[in-house]
Amino acid sequence: MPYPVWHETALVKQFKAQLCESHDLGNIQENTKILRTFGACRKTFGMYDIGKKELKAIEKVLKRGHFFRYGGKEIEKVEREWAEKIGVQTAVTVTSGTAALISGLQALGIGPGHSVLLPGYTFISTALAVTSVGAIPLYVEVDDSLTMDPEDLRKKIRNHTGCIIPVHMQGMPCDLSPILAIAAEKGIPVLEDCCQADGGSYRGHRLGSLGAIGAFSFNQYKIISCGEGGACVTSTPEIAERLYMAQDGSCSVWPETGEMSQAFFCGGNFRFNELNAAMLRVQVKKLDKILDRLRKTRAKLLEKLDLPEDCQFVPTHDEEGQCGVCLLIQAPTVERAIEEEERLAKAGHKVHRPINSGRHVYKAWDVVNARRGGVHPEWDAFRHPKNARIATHYDKAMKRTDDLLARTVLLHTPYEK
Ligand SMILES: Cc1ncc(COP(=O)(O)O)c(C=O)c1O
């Protein structure tokens, strides 16, 4: 079966044009210039607080000349430090947040015959991780906070549901208490997608520590960053072993891995490297300071913001634990939301309506929605006989999600040093 030719959509063209406009990296030659470039990067390209310490850490590894996971020092240390920060037994670093989600699903034994429930507002990677292991992503409505709605979650559970992925979008904790209760009642594991919420918490527990596994991203746009990177966390030893196998199928030959209590499976290669790990270690140390600044700025914004009477601020499911990256304003109608978006933009705020955030909205997950996501005609979750009983309904609109994403204005918190 031939694959369809990929055409650049208008959306992709527009995005590329924006990238070219803003991505002026200048002449990277000396440290001072690099640092200045980092500053410029932050305005347009993520990364809250990158500077000399990161540079020094990377330089140290460069001088040491050992970049590989095994035999190195930085990865082992950052994994210990990240596990400690999140309050879990084990952290396993990988190359990206997507790799963390894929490894997490593999560790949980998800594959053909399973559906995985995830919200209609998340980056497409969450859904693609599911298809990549041969399972079927099914969408759950969001609530006012734009995270997974527990009521709709309950309605969507079937006997083929293999995993639930609540996503802490924009640093906002999901309504984890009912989500975890439903999951426990039905015996379904929870894989928390914390890619946009590094360091956030829910009722005093760091995000990622309450589900069976937490998955994190450290790409350029995340709360802490090393350019590209990710991690899985867990406190279940059997899952930790499977995470090691998933991140490196050949880890059995390295003495560092130690003895495994279970048979190896054919894992892949999402191995992290020492350079990124060195940078990430500095970022992990900065994490709480970054969160503190973001939360304080958000609180000031909230105090100062003069909202019209018909619009309201939407509280998150944990106002202390949310990461402070944004605040949500809900308008009574889409028209009023557009007006409010324009008014706030004119006043100098960085705002958008989540409905316009491209691949973060289920409607734009075209490869999934068209059920043509297979890497090969014979290795395609949507053609797998074991998945034939799983009804997808991708053509059916999720009215509540559509409405909330269109009526909400998301205001980004500026990072104030
Ligand atoms: C919610 C969510 N999940 C998963 C990912 C994937 O992370 P990465 O880009 O590191 O693969 C992202 C990244 O943007 C994300 O925002």
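**Entry: a helix across a sheet**

I began with helix H4 (residues 74-86), which lies across strands S1, S8 and S9 (230-234). H4 runs at about 130° to S1. I take angles between N-to-C directions, from 0 to 180 degrees, with axes as lines fitted to C-alpha atoms, for helices over the stretch in contact. Contact between two residues means C-beta atoms, placed from the backbone, within 7 Å. Helices (H or I, at least four residues) and strands (E, at least two) are DSSP runs, numbered from the N terminus.

I noted that this is a predicted model, where local features need pLDDT of at least 70, side-chain atom pairs count only at pLDDT 80 or more, and totals for chains, interfaces and linings use all residues. Residues are numbered from 1 along each chain as its sequence is written.

I looked up the strand order: S1-S9-S8-S5, an open sheet of four strands with mixed pairing. Strands pair if DSSP finds at least two bridges between them. S1 (90-94) and S5 (191-193) are the edge strands, each pairing on one side only. Neighbouring strands here are turned by 20° against each other on average, direction ignored. S5 pairs with S8 (residues 213-217) in the parallel sense, over three bridges. I found Asp193 opposite Ala215 in S8.

**Entry: Thr234**

I then picked Thr234, in strand S9. Is Thr234 buried or exposed? Thr234 counts as buried because it has 28 C-beta neighbours inside 10 Å. The cut-offs are 20 or more other C-beta atoms within 10 Å of its own for buried, 12 or fewer for exposed, and partly exposed in between, with C-beta atoms placed from the backbone. Beyond its neighbours within four places in sequence, Thr234 touches Val88, Thr90, Ala212, Ile213, Ile239, Ala240 and Leu243 by the contact rule. Thr234 and Gly214 are 20 residues apart in sequence, yet 6.7 Å apart in space, C-alpha to C-alpha.

**Entry: the other sheet**

I traced another open sheet of four strands, S10-S11-S13-S12, with antiparallel pairing. S10 (312-314) and S12 (351-352) stand at the edges with a single partner strand each, so one side of each has no neighbour in the sheet. S11 (residues 326-330) and S13 (residues 408-412) pair in the antiparallel sense over five bridges. Leu327 stands opposite Leu411 in S13. Helix H11 (residues 334-346) lies across S11, S12 and S13, at about 20° to S13.

**Entry: the ligand shell**

Which residues come nearest to the ligand? Of the 14 around it, they are Ser96, Gly97, Thr98, Cys195 and Ser217. Near means a C-beta atom, placed from the backbone, within 6 Å. Helices H5 (97-107) and H6 (124-132) are the elements that give two or more residues to the shell.

**Entry: helix H6**

I checked how covered H6 is: seven of its nine residues are buried. They are Ser125, Thr126, Ala127, Ala129, Val130, Thr131 and Ser132. These buried residues pack against H5, S2 (115-119), S3 (136-140), S5 and helix H12 (366-369). Gly134 follows H6, with a positive phi near 90°.

**Entry: confidence**

Last, I read the pLDDT, the predictor's confidence in each residue, from 0 to 100. The chain mean is 90, and 89% of residues reach 70 or more. Over residues 1-7 it stays under 50, with one contact beyond four places in sequence. Residues 19-44 also stay under 50, with 20 such contacts. Where pLDDT is low, predicted coordinates should not be read in detail.
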